[in-house]
Amino acid sequence: MEDNLDETSQPELSADEEALVKEMPALTDVGQARRTFLGQSLTSGVGLFALMLLEKEQALAALSAPADAVFAPAAAPENTIRIAMKVNGAAKTLELDSRVVLLDALRERLELTGTKKGCDQGQCGACTVLVDGRRVLSCLTLAATLEGREVTTIEGLARGEQLHPMQAAFIKYDGFQCGYCTPGQICSAVGLLEEARRGEASHVTENVTVNTTSLTDEEIRERMSGNICRCGAYPGIVAAIKEVHSGKETARTWRFVNDDELARVRKEWQTDETV
Amino acid sequence: MARYIGKEINRVDGVAKVTGRAKYAAEFRAPNLAYGFIVLGTVAKGTIKSIDTRDAEAAAGVIRIFTHLNAPKLGPKASHEQAPPRATEEQDKSFRALQSDRIFFNMQPVALVVAETYEQARYAARLVKVSYNAEKHTTDTEAVRDRGRFPSQGPPPKPRGNPEEAMKIAPVKIEAEYRIPIEHHNPMEPHAAVAVWQGDRLTMFDKSQEVYNVRKHLASSFNIPEANVQVISPYVGGAFGSSLRPNYYPALTAMAAREVRRPVKIVYTRTQMFTGHGHRPYTIQKVALGAERSGKLTAMVHEALHNTSTFEEFSDNTTGFTRQVYACPNLYAPQRITNTDLSTPTWMRAPGAVSGMFALESAMDELAYALKIDPLELRLINYAEKDPESGKPFSSKALRECYRLGAEKFGWKDRKFEPRSMRDGRLLVGWGTATGIWGAFQMPATARITFKANGTAHVASATSDIGPGTYTVITIIAAEYLGLKPEQVEFELGDSNFPRAPAQGGSWTTASVGSAVHGAALAITARLLEFANRDANSPLRGAAAADVEMLDGRLQLKNDTARFVNTAELMKRNGLGEITETFEAKPSQERRNYATLAHGAQFIEVKVDPDIGQVRVTRAIEVTACGRIINPKASHSQEIGGVVWGIGMALQEATEIDHRFGRIMNPNLQHYHVPVHADVHMIETIFVEEDDTVVNPLGVKGMGELGMVGIPAAIANAVFHATGKRIRDLPITPDKLL
């Protein structure tokens with residue numbers, strides 16, 4: 001996307017989205033090696049439905065306002081500010097109401113709706129993005145403070161067709177259900193690993209005089225506790241972060257009971273009436 | 001042999017969700033979009049005396065301000081309600097915004113500011129001045145508990161046997177009262193709508209668990225045909241029951257958009273969500289259990305009462321499953337409701353069941369200690385071999401296996417019976433268990449499959465995926481029965497232009513929509529066979545539809561796969577680019593001869609810090625018997641979610657009301673505590689599959705609710721085991737343990 005002062009630009013199919021029409025790549029990772037898995041294409045799984053909705057939006061975008069549409073008499077925002085920043089590598093210049101926070105600038109002005117509004121008051125973490133590589137709550141960050149800064153959102157993590165390892169690991173460990181907190185969780189996780197690399201301590205760090213670079217599960221949980229997941233996908237999120245952090249796989253925590261086990265317990269209670 | 005069913009498969013919407021491309025309601029764009037911001041009232045009961053909107057109207061960017069004085073009246077209420085857990089239809093008496101000067105609850109919407117930008121609307125909303133004629137209100141359920149009445153819907157409660165007499169003569173009995181505070185769903189995505197009118201046609205992007213219901217609601221609100229309304233809801237950022245009903249904001253959004261002749265977007269703030277979609281009601285329960293010294297239950301009395309609003313009746317049927325969980329000849333389990341000046345409660349994950357089972361399963365633990373019988377053994381002693389309520393057999397029930405295997409996995413045999421008898425260093429260790437139960441429901445549902453000659457299929461049904469993995473599970477089912485790979489199947493949902501599906505609630509989606517997709521796939525198979533058998537030389541000549549299956553581009557005989565036709569060639573020969581079949585699946589007649597339930601055993605370990613009363617759930621084992629598992633990966637995530645919700649309910653969640661003002665004090669995520677990463681430790685799932693040919697053609701039962709049902713009781717029981725303190729009022733906060 002180029003510099004964009006026009007807030008009413010029409011949605012268009014990106015190259016990625018157009019490629020989807022032609023291709024529906026593999027979705028399963030049954031028995032797939034990790035390397036293959038991490039190489040999963042960015043475009044896989046974004047269904048045609050998304051495209052159909054884009055078309056719906058495009059059709060709506062073509063609508064012009066009826067003659068009797070009501071507009072505010074004094075529509076222009078007061079106290080406008082001009083901000084030049086980088087978003088996902090691209091230079092952006094925005095003219096904004098000074099009250100606009102980064103979250104709304106992304107969602108309402110730049111069409112980057114991957115960053116989510118969950119509470120709008122810094123209590124849930126859904127809006128987490130990276131500013132100059134550090135995780136911040138975009139709902140509590142006035143856009144006016146971002147002159148010359150570099151913002152990375154969930155849309156900026158993949159490299160071309162390649163998912164960021166954290167994105168791939170979230171899929172592998174089913175670290176989400178509804179998906180709404182997911183962009184914030186992933187941005188937070190990416191920021192967290194940088195903090196660990198810098199040796200920053202947390203509330204649960206045993207010895208704060210020693211740089212913490214290797215994270216235990218408890219450290220990951222503590223450092224991710226600002227990101228709420230109401231679906232409760234926490235164990236999968238921790239497993240995903242651990243794998244990206246240390247390369248260690250987390251074993252499955254579910255299994256099917258097999259017929260032999262069933263036969264055994266059924267036999268047991270026929271001979272034994274207690275537990 | 002299933003190729004995909006029962007296999008671990010990644011979510012088909014996974015990439016969309018991890019890259020931020022999945023579009024939720026508020027994220028759809030429309031030209032000339034205006035922003036609405038809701039103004040909430042500040043008294044709990046009374047009337048609006050006056051509203052001064054002059055300052056707000058003069059603020060920059062303001063397009064119009066709606067109040068009850070100028071908002072158009074909405075049409076008659078016609079939307080149906082599908083009420084889990086009993087799948088009954090109820091009349092819509094839901095609250096609608098700005099329709100009168102009457103105040104029914106605090107934080108009720110009293111005005112809507114529409115402006116050019118979000119910031120302008122939010123600012124101007126603060127300039128709206130409202131004065132009230134306040135009346136005396138009652139928001140405390142405790143204060144009106146003696147005014148409880150039976151809900152008007154459903155049969156009046158009937159005792160089984162003679163519970164009164166049986167209780168009198170029971171050698172061992174316990175009686176206790178349990179309380180659950182108001183709780184809120186707090187999905188991460190705030191409820192949102194974008195309304196776009198084209199003449200008298202309305203397109204609504206909404207966060208919804210049932211697009212057909214929202215469509216009906218909007219059509220009746222604006223007196224337009226349902227065909228004029230399209231409701232689109234492709235992704236829902238969690239709902240947990242809070243989007244089962246249309247809520248007040250979609251009609252409000254559409255009304256504003258119609259008046260200003262522009263698209264309008266309204267997004268609830270986190271605070272507005274606390275009165276914008278209902279809540280789990282404040283529930284008081286009295287449980288009395290009578291038993292023989294052997295542990296055999298002889299009498300169960302479980303009385304529940306919870307709040308409803310003054311304008312609408314709601315009941316979550318708190319005691320419903322009490323009738324079906326244990327074998328007991330004498331039982332009385334009435335449900336009462338009482339009016340308060342709060343918004344109407346609604347269904348919240350495992351509605352009724354988790355509340356009722358918290359009380360009943362805590363009481364069972366109390367009884368076990370009164371009897372000095374192991375709590376798990378007490379449950380086995382009272383195992384229901386047939387449905388105690390109807391006397392019908394269960395279509396399947398592997399609960400005993402769940403108890404046994406869970407106990408084995410958990411190491412239950414090493415549990416010391418006495419409270420405060422197990423320790424980990426300075427921490428008190430407690431082990432608790434409880435039974436989970438939920439209905440294996442099925443609702444009528446319709447799906448459409450278009451099978452294409454190029455070997456792909458398009459599947460559509462107007463269901464929803466609020467997170468359980470419906471996109472994936474339906475894709476798997478279609479792939480399985482069309483003999484395709486999942487990536488060759490495109491499944492769409494969340495659009496009222498698709499064939500009708502029930503609300504995503506009650507854990508019935510896979511059973512309902514999955515059965516419809518299964519039926520449509522078999523219809524495609526039958527059609528292909530019909531075309532094949534027009535050819536006198538067809539290798540399938542004489543075969544019945546039930547004898548053939550589709551697999552990898554072939555239509556073949558199941559028991560002789562060497563006899564097949566190539567489907568692409570067959571379709572080409574017949575000049576068919578694609579075949580479309582629409583199938584409606586309905587619950588079978590056979591189901592009526594059985595009790596159809598899903599069960600689970602749940603084991604919890606807590607560690608309690610005796611100095612500060614902090615409880616940690618360090619281990620949770622879910623053993624689940626709910627028919628066939630389609631995608632164990634997502635099913636496990638559902639079970640994890642159930643445990644996390646159980647932790648929240650047991651230890652953290654409470655909506656606090658200052659009854660002097662009848663106002664919620666903690667309508668935000670800072671003060672309404674939900675579990676965070678640091679609260680969640682090891683959670684394991686064991687699936688005990690049941691081969692159930694009765695429940696539905698796929699043999700699936702639901703699990704979204706089931707995994708939560710026993711958890712709060714299991715945690716409370718574990719806390720008792722750890723500390724010797726029986727906490728009967730949730731949540732179990734540290735102050736209650738000190």
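Start by selecting the contact between the two chains: 91 residues of chain A meet 96 residues of chain B. Here, two residues are in contact if their C-beta atoms, placed from the backbone, lie within 7 Å. You are looking at a predicted model, where local features need pLDDT of at least 70, side-chain atom pairs count only at pLDDT 80 or more, and totals for chains, interfaces and linings use all residues. Residues are numbered from 1 along each chain as its sequence is written, while chains are lettered from A and ligands numbered from 1 in the order in which they are written.

Stay on the chain A side of this contact and colour its helices and strands. Elements that each supply at least two residues include α3 (48-61), α6 (182-197), α8 (234-246), β6 (254-256) and α9 (259-271) of chain A. Helices (H or I, at least four residues) and strands (E, at least two) are DSSP runs, numbered from the N terminus. Which element gives the most to this side? Select α3(A), with seven residues. Coloured by class, the side of chain A that touches chain B shows 53 nonpolar, 20 polar and 18 charged residues. In this scheme Ala, Val, Leu, Ile, Met, Phe, Trp, Tyr, Cys and Pro count as nonpolar, Asp, Glu, Lys and Arg as charged, and the others, Gly among them, as polar.

Now show β6(A) together with β31 (residues 682-687) of chain B. The two strands run parallel and are joined by three bridges; strands pair if DSSP finds at least two bridges between them.

Next, colour chain A by domain. You will find domain 1 (9-56), domain 2 (82-156) and domain 3 (158-275), with bounds that come from an automatic or database domain assignment. The C-alpha centres of domains 2 and 3 of chain A lie 27 Å apart. Between these two domains, 15 residues of domain 2 of chain A are in contact with 13 residues of domain 3 of chain A. On the domain 2 side, β3 (128-131) and β4 (134-137) of chain A each supply at least two residues, and β3(A) gives the most, with three. That side of domain 2 of chain A has six nonpolar, six polar and three charged residues.

Of the 738 residues in chain B, 64% are buried. A residue is buried if 20 or more other C-beta atoms lie within 10 Å of its own, exposed if 12 or fewer, and partly exposed in between, with C-beta atoms placed from the backbone.

Most residues other than glycine have a negative phi, and most peptide bonds are trans.

- Select L98(B) in the loop between β5 (88-91) and β6 (102-103) of chain B. Its phi is near 60°, a positive value, and L98(B) counts as buried because it has 25 C-beta neighbours inside 10 Å.
- Go to R420(B), in the loop between α11 (399-410) and β18 (423-424) of chain B. Phi of R420(B) is also positive, near 60°. Is R420(B) buried or partly exposed? With 17 other C-beta atoms within 10 Å, R420(B) is partly exposed.
- End at P731(B), in the loop between α17 (711-723) and α18 (734-737) of chain B. The peptide bond from L730(B) to P731(B) is cis, with omega near -5°.
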